[in-house]
Amino acid sequence: MNNLVILPILIPLITATLLLLIPKNIKLQKVISVISLTATTIASMILVHNVYINGIQTLEIGSWRPPFGIVLVADMFAALLVLTGVIVSFTCVLFSFRNIGKDRENFFYYAFTQFLITGVMGAFLTGDLFNLFVFFEVMLMSSYALIVLGGTKIQLRESIKYLLVNIISSALFVIALAYLYGLVGTLNMADVSSKIAQSGQTDIVTIVAILFLIVFGLKGGIFPLYFWLPGSYQAPPYAITAIFGALLTKVGVYSIYRIFTLIFYHEPQITHQIIGALAIITILIGAIGAIAYWDVKKILIYNIVTAVGVIMYGISIATETGYAGGIYYLVHDMVIKGALFLLAGAMFTITGTDNIKKMGGLIKRHPLLGWMFFTACLALAGIPPLSGFVGKILLAQGGLEQEHYIFVGVMLFSSLLVLYSVMKIFMNCFFREEVLSQKEEKGTTKGLVYPSVILIALSAFLGLGAEFVYPYVFEAAETLMDPSIYIQAVLKE
Amino acid sequence: MKVNDLILQTVTTLLSFIIIIFSVYLFFAGHYTPGGGFIGGLMTSAALVLLLLAFDIKTIRKIFPFNFMTVAAAGLLISILTGVAAMFFDVPYLTHTFGYVELPILGETALASTLIFDLGVYLVVVGIAMTIIQTIGESE
């Protein structure tokens, strides 16, 4: 019993409710948001430390023993993602203080953000499949609200698409859960895992596993289920796209990792092969999209797709190195996607356009913004001193050990394309001749750059301080390798 | 032609009370028989909707002079805090307890702390349902 586990869910939830009570007092809303996110960050740090020292932490909600009650489980994988998620959403909220505008703030913007964080944290920490579904819905409902908030024409069109896709995938999720419950008679993850290990993963269980892959693939944006993502993520303002790009798809990826390492790991020649093939195509599709467009937001969105593919392949490698690489890259990608979208948001504030061809010469008056963007680009592509390198090198090492040469080749080639796509933004927007004079700029970057400084610093820390982060990531990978650790911690048999 | 809805309004004033009393009954019955916060809350909002149909939005505002959004938020807060209260007794979040209490008129009654949680659900359902209906009703 450890009530600490629920704090990352509970603090944002209480905050969101309080913010609903004071809809008109924007200043107080901002203060409360900052206080609560600071508290959540501290709680998550203590949680990570606690898991590192004492092993997996569980909380049996309502004092009901699993598998009968709902259990919250914080293993290292979940705890690390909780911490990263909180920090990234903190910076996105700080960014929106300056950027989101009165119209949206007056309509519960900060409350919706807190509900979104509640859903994401809950999805990371839960140990029950139906509870996972509920937290997915909490997260999606708030994302529906955030995507449509403001009510511009493009937002209305894209939110209908987004809503339809997610309602269908949620319905599939419930159907998959119903099948699984019909087969094993329980929904507690640890219990499902041990039941399937006892009776063997029959063909019908494998089919249900594929159904889960389709569901989480729709949420996470893997090929061929990513089609809704580029349009929907382009609609809302940058502060919202940043939090979406950094958190939402990653929850889908996290769920795929969780169920295919904990529950459906008996038939890797079917499920893990399929994941691997889809991951490779996802990487390629993302890279192609990223180099095809001349639109800052579109390029960054396609880079999300590439990263999802890279992370997903960690499952197909299925060794400790592979998992560690996947986890490291997942943490890195949450941080760096947040940073890139926030920096692009600052660029949009200055120029009022996303079109690369209409920008130029920004470096003269915005050197800090420019060089930060440059650093973020290098980190994204995986240049050594920064964070992207460590994850990719672990994935490449794991891939070579298991003789997955195609994946290693594709991943390295995609790094090149990713670097080209973001450098295209950097070279064209920050250099060339100036397009806008001082007076023509649409807005100031005052206070907009600092949130991304936090993220870039974190990314540099993840790269330079890899020695410090390694033990945490490897503990997470160890738990993923050996499901019995997780089952033991939850069921205490 | 002026519409005369005297019959509707008279019947509504009587009927809404019966519906609200039934909804309160459903709310309290939930622990041992079918019912509970959700259906009780829906029933109450049904009574309020009937009032809305018979009269108009302004009259309803006058009878219930509070923001239903606040009602929903308060309900949510009540539900969350019943869980938080458990944490102070050093048991997991949302652990509930019950006991037998000697009440003045009702005699010995079993009271469970889940009732407070259910009260939160009740308020959320009423608040959300009324917010939806009022918002759609007011928009042109």
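How does Lys161(A) count at 40% relative accessibility?

Guide: In this predicted model, Lys161(A) counts as partly exposed at 40% relative accessibility, a class that lies between buried, under 20% relative accessible area, and exposed, over 50% (1.4 Å probe, protein chains only). Residues are numbered from 1 along each chain as its sequence is written, and chains are lettered from A and ligands numbered from 1 in the order in which they are written. Because the model is predicted, local features need pLDDT of at least 70 and side-chain atom pairs count only at pLDDT 80 or more, while totals for chains, interfaces and linings use all residues; side-chain values use heavy atoms, with hydrogens and water left out.

The side chain of Lys161(A) meets that of Glu158(A) in a salt bridge at 3.2 Å, N to O, the term meaning a side-chain nitrogen of Lys or Arg within 4 Å of a carboxyl oxygen of Asp or Glu. Both residues belong to helix H7 (residues 153-184) of chain A, where three residues, about one turn of the helix, separate them; helices (H or I, at least four residues) and strands (E, at least two) are DSSP runs numbered from the N terminus. Glu158(A), with a relative accessible area of 4%, is buried. Elsewhere, Lys30(A), Lys102(A) and Glu105(A) are joined into one network by salt bridges that share partners.

Over all chains, a search of the whole structure finds eleven salt bridges, among them one at 3.5 Å, N to O, between the side chains of Lys492(A) and Glu60(A). Lys492(A) sits in the segment after helix H20 (483-491) of chain A and Glu60(A) in strand S1 of chain A, so this pair ties together parts that are 432 residues apart in sequence. Lys492(A) is partly exposed at 45% relative accessibility, whereas Glu60(A) is buried at 16%.

Arg258(A) and Asp75(A) also form a salt bridge through their side chains, at 2.8 Å, N to O. This pair links distant parts of the chain, 183 residues apart, with Arg258(A) in helix H11 (residues 238-262) of chain A and Asp75(A) in the loop between strand S2 (71-74) and helix H3 (76-99) of chain A. Arg258(A) is buried, with a relative accessible area of 3%, and Asp75(A) is buried, with one of 0%.

Turning to the nonpolar residues, a core here is a set of buried Ala, Val, Leu, Ile, Met, Phe, Trp, Tyr and Cys residues joined through side-chain atoms within 4.5 Å. The largest one holds 196 residues, of which Leu129(A), Phe212(A), Phe264(A) and Met347(A) touch the most other members. Helix H14 (residues 320-351) of chain A supplies the largest share of this core, 19 residues. Neighbours within four places in sequence aside, Phe212(A) is in contact with Phe173(A), Ala176(A), Leu177(A), Leu180(A), Ile259(A) and Phe264(A), contact meaning heavy atoms within 4.5 Å. A second, separate core has ten residues, including Leu48(B), Leu51(B), Val71(B) and Val126(B).

Chain B also meets chain A directly, with 18 residues of chain A in contact with 15 residues of chain B. The two chains bury about 1,400 Å² between them, 81% of it on carbon and sulfur atoms; this area is the accessible area (1.4 Å probe) that two parts lose on being put together, summed over both. Across this interface the rule finds zero salt bridges. On the side of chain A that touches chain B, helix H1 (7-21) and strand S1 (57-60) of chain A are the elements that give two or more residues, and H1(A) gives the most, with eight.

Some backbone details complete the picture. Pro66(A) and Pro67(A) are joined by a cis peptide bond with omega about 5°, and Pro67(A) is found in the loop between S1 and S2 of chain A. A cis peptide bond with omega about -5° joins Phe223(A) and Pro224(A), the latter lying in the loop between helix H9 (203-220) and helix H10 (229-234) of chain A. Phe108(A), although not a glycine, has a positive phi near 65°; Phe108(A) lies in the loop between helix H4 (102-105) and helix H5 (109-125) of chain A and counts as buried at 15% relative accessibility.
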